[in-house]
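Reader: I'm new to this one and would like a close look at a single part. Could you pick a place where helices come together and walk me through it?

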Amino acid sequence: MIELARTALARARLGDVEDRPLVLWGLQYDLRPDDHDLVRTLAAAEAEDRADDDFQGHTEESELVGFLLASYRDVTDVWLHWDLKRANFDTWSGYDVEYVVAAGVAETLEFVRASDHPERDAVLERLADVGEVDLARWWRRKQSWFPADPADENPLTWSDRAARLGRHADARTWLDLWSQGRDRNEETLTVLRGRYADLGAHAEAAAAQRDLLAFARDAWGTASALKTLARHERLAGRHDAAWSALWDCAAALADVPEWREFGLGRHYAEELFALARDASGDLARTAFETADRADVPGLALVTLRIAADAAAKVGLREEHYRTARDAEAHRVEV
């Protein structure tokens with residue numbers, strides 16, 4: 001990974017900045033005084049992408065490019081920092097205002113007040129209540145996020161970056177390295193389950209989720225954990241294990257008053273219908289009949305679509321679920 005980043009950075013210094021994430025990672029470990037214009041180019045492109053992305057979001061790239069830009073402590077970069085901050089709803093709340101005043105609060109205010117930039121008044125309004133921020137303390141915290149030596153990087157960061165590039169085998173290697181020697185406590189297991197699931201490694205996600213059952217604190221928590229376990233087992237293709245988890249989930253739900261009225265009950269029914277759709281033979285039919293018999297009200301459109309597909313597959317109550325699906329689709333559209 002680091003070699004890929006170094007190669008991309010070398011190309012970027014010659015004018016090829018297509019692999020922006022890799023270039024940013026390379027700059028994190030090899031930032032030079034004459035890279036300032038390159039960082040500015042990357043910051044402008046990132047701000048534009050954050051503003052145009054339908055899913056918005058505050059990404060590692062937007063945080064890292066802001067960190068790199070702030071490293072130069074150049075007051076004229078205030079407008080680029082402002083563009084990154086106001087790019088979308090997520091960056092507005094997630095991109096620290098300290099970036100905007102990274103060159104110093106007084107220096108930034110003086111520069112902005114003297115400017116005729118179109119965003120002058122907006123920046124001054126946002127900075128009106130900044131006061132005396134502890135930039136030195138803030139900067140030390142940011143440096144801990146983005147170490148200058150790749151050997152000091154958290155393996156989870158490398159795992160996420162590998163996944164970002166679609167290199168799932170590398171991502172799993174880094175994730176396994178991170179987990180080595182760690183206590184399999186609730187926090188560790190939650191991270192492993194989420195990361196493995198994101199990588200499509202549902203068998204490993206199921207293993208972590210099965211261990212998480214020990215941390216369930218009540219019937220609700222147990223039922224929720226078992227429902228999640230069933231999903232990962234199903235996605236791993238282990239349908240019998242998924243059914244076993246759902247059977248145990250039903251037993252836990254028996255101790256949750258009026259469980260059908262809550263989202264947990266609707267998700268339980270959805271997982272049963274999904275198993276009926278994905279499994280084969282008697283198991284598919286049994287899962288469908290169990291979901292149908294649960295008679296959970298208020299099923300979401302996505303669940304009704306799954307239920308209709310499952311009904312068609314097992315040849316039971318097809319018209320009922322097709323009608324319910326279409327009626328809900330119409331209601332949502334209206």
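**Where H15 meets H17**

Author: Let's start with who touches whom. On the H15 side, the residues in contact are Trp220, Ala223, Ser224, Lys227, Ala230, Arg231 and Arg234, and they meet Leu264, His267, Tyr268, Glu271, Ala274, Leu275, Arg277 and Asp278 of H17. Sorted by kind, the residues of this contact come out as seven nonpolar, two polar and six charged. Keep in mind that this is a predicted model.

Now for how the two helices lie. H17 covers residues 263–278, and H15 packs against it at an angle of about 25 degrees, their axes 10 Å apart. Angles under 35 degrees count as roughly parallel, so that is the label for H15 and H17. As for handedness, H15 passes H17 in a left-handed crossing.

H15 has another neighbour to look at, too. The helix spans residues 219–235, and the buried residues of helix H14 pack against H15 as well as against helix H13 (186–198). Which residues of H14 are those buried ones? In H14, which runs over residues 202–212, they are His202, Ala205, Ala206, Ala208, Gln209 and Leu212. They sit on the same side of H14, because they cover an arc of only 165 degrees around its axis. Here is a bit of background for that: an α-helix has 3.6 residues a turn, so residues three or four places apart point the same way.

The crossing of H8 and H9 is left-handed. Here Thr108, Leu109, Val112 and Arg113 from H8 meet Arg120, Val123, Leu124 and Leu127 from H9. That contact divides into five nonpolar residues, one polar and two charged.

One last stop, at a single side chain elsewhere: Arg161, in helix H11 (residues 155–164). Is Arg161 buried or exposed? Its relative accessibility is 1%, so Arg161 counts as buried. Leaving aside residues up to four places away in sequence, Arg161 touches Met1, Trp25, Gln28, Tyr29, Glu60, Leu64 and Glu153.

Terms used: Residues are numbered from 1 along each chain as its sequence is written. This is a predicted model: local features need pLDDT of at least 70, side-chain atom pairs count only at pLDDT 80 or more; totals for chains, interfaces and linings use all residues. Side-chain values use heavy atoms; hydrogens and water are left out. Buried means under 20% relative accessible area, exposed over 50%, partly exposed in between (1.4 Å probe, protein chains only). Helices (H or I, at least four residues) and strands (E, at least two) are DSSP runs, numbered from the N terminus. The arc is that of the directions from the helix axis to the C-beta atoms. Contact means heavy atoms within 4.5 Å. Axes are lines fitted to C-alpha atoms, for helices over the stretch in contact, and angles run from 0 to 180 degrees between N-to-C directions. Angles under 35 degrees count as roughly parallel, over 145 as roughly antiparallel, 65 to 115 as roughly perpendicular and the rest as oblique. A crossing is left-handed if the near helix is turned anticlockwise from the far one by less than a right angle, and right-handed if clockwise. Ala, Val, Leu, Ile, Met, Phe, Trp, Tyr, Cys and Pro count as nonpolar, Asp, Glu, Lys and Arg as charged, and the others, Gly among them, as polar.
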